[in-house]
Amino acid sequence: MIVECGGEQLVLNKERAVYWKREKMLIISDLHIGKSAHFRKSGIQVPDTVGLTDLQRLSAILKEYPAEVLLVTGDMFHNNINSDANAFLEWRDRYPVLKVVLVKGNHDALRNEDYEALGIEVHTKELLCAPFRFIHDKPREFDEYYNITGHIHPGVVIYGRARQQLKFPCFYFTEHCLVMPAFSVFTGLKIVKPEPGDRFYAITPGKVVKV
């Protein structure tokens with residue numbers, strides 16, 4: 001689905017990604033590489049295929065679009081280097097010309113040399129690329145830049161005819177921000193209460209739909 005945002009056209013992909021055609025940029029948030037291994041280390045049995053599934057989905061999206069840049073708006077990694085991060089390194093080797101950019105989130109705690117070894121350009125606070133500001137969590141004050149953020153893992157409730165409730169991840173547009181859905185399937189949802197003028201695009205199993 002194509003939407004207008006900040007005077008630009010963005011493609012909302014059902015795999016929880018945005019493609020910005022003008023910049024040949026694929027945008028995702030909250031990939032949380034290493035989260036499943038982190039849980040296993042704590043004695044919680046999580047399949048080691050979770051992280052691999054996310055990377056496979058990412059590869060599939062990159063086949064759809066001629067992206068030259070992969071931009072992650074925070075929480076690319078879930079704390080420290082572990083076996084899941086090694087899987088990412090193998091994935092990264094398959095895309096040597098792809099520029100990978102990270103705007104750090106609250107879980108991105110790797111050392112600078114780790115990011116460098118993984119071929120990732122890091123921005124600590126934000127990245128400005130007019131008309132957008134890429135930042136992990138929405139800022140407290142707004143300016144001429146439209147913010148593209150992540151962090152809260154937004155979700156929306158859709159009510160069926162029989163009053164059943166279905167919860168889906170979503171792209172959440174406000175006057176000043178686009179809040180990205182968490183890319184990783186191994187995350188929860190925060191159901192967002194809309195304000196007047198807000199737009200929601202639910203990510204259903206088959207397609208992105210405006211709510």
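Two strands pair if DSSP finds at least two bridges between them. Strands (E, at least two residues) and helices (H or I, at least four) are DSSP runs, numbered from the N terminus. This is a predicted model: local features need pLDDT of at least 70, side-chain atom pairs count only at pLDDT 80 or more, and totals for chains, interfaces and linings use all residues. Residues are numbered from 1 along each chain as its sequence is written, and side-chain values use heavy atoms, leaving out hydrogens and water.

**View A. Strands β4 and β5 pair in the parallel sense.** Four bridges link β4 (residues 25-28) to β5 (residues 69-72). Isoleucine 27 has leucine 71 in β5 as its bridge partner.

**View B. Seven strands form an open, mixed sheet.** Their order is β1-β2-β3-β4-β5-β6-β7. β1 (2-5) and β7 (120-123) stand at the edges; each has a single partner strand, so one side of each lacks a neighbour in the sheet.

**View C. Serine 29 sits in the loop between β4 and α1 (35-41).** Serine 29 counts as buried because its relative accessibility is 0% (buried means under 20% relative accessible area, exposed over 50%, partly exposed in between; 1.4 Å probe, protein chains only). Its side chain makes polar contacts with the side chains of aspartate 30 at 2.6 Å and threonine 73 at 2.9 Å. A polar contact is a pair of N or O atoms within 3.5 Å; within protein, one must be able to donate a hydrogen and the other to accept it, and residues adjacent in sequence count only if both atoms are side-chain atoms.
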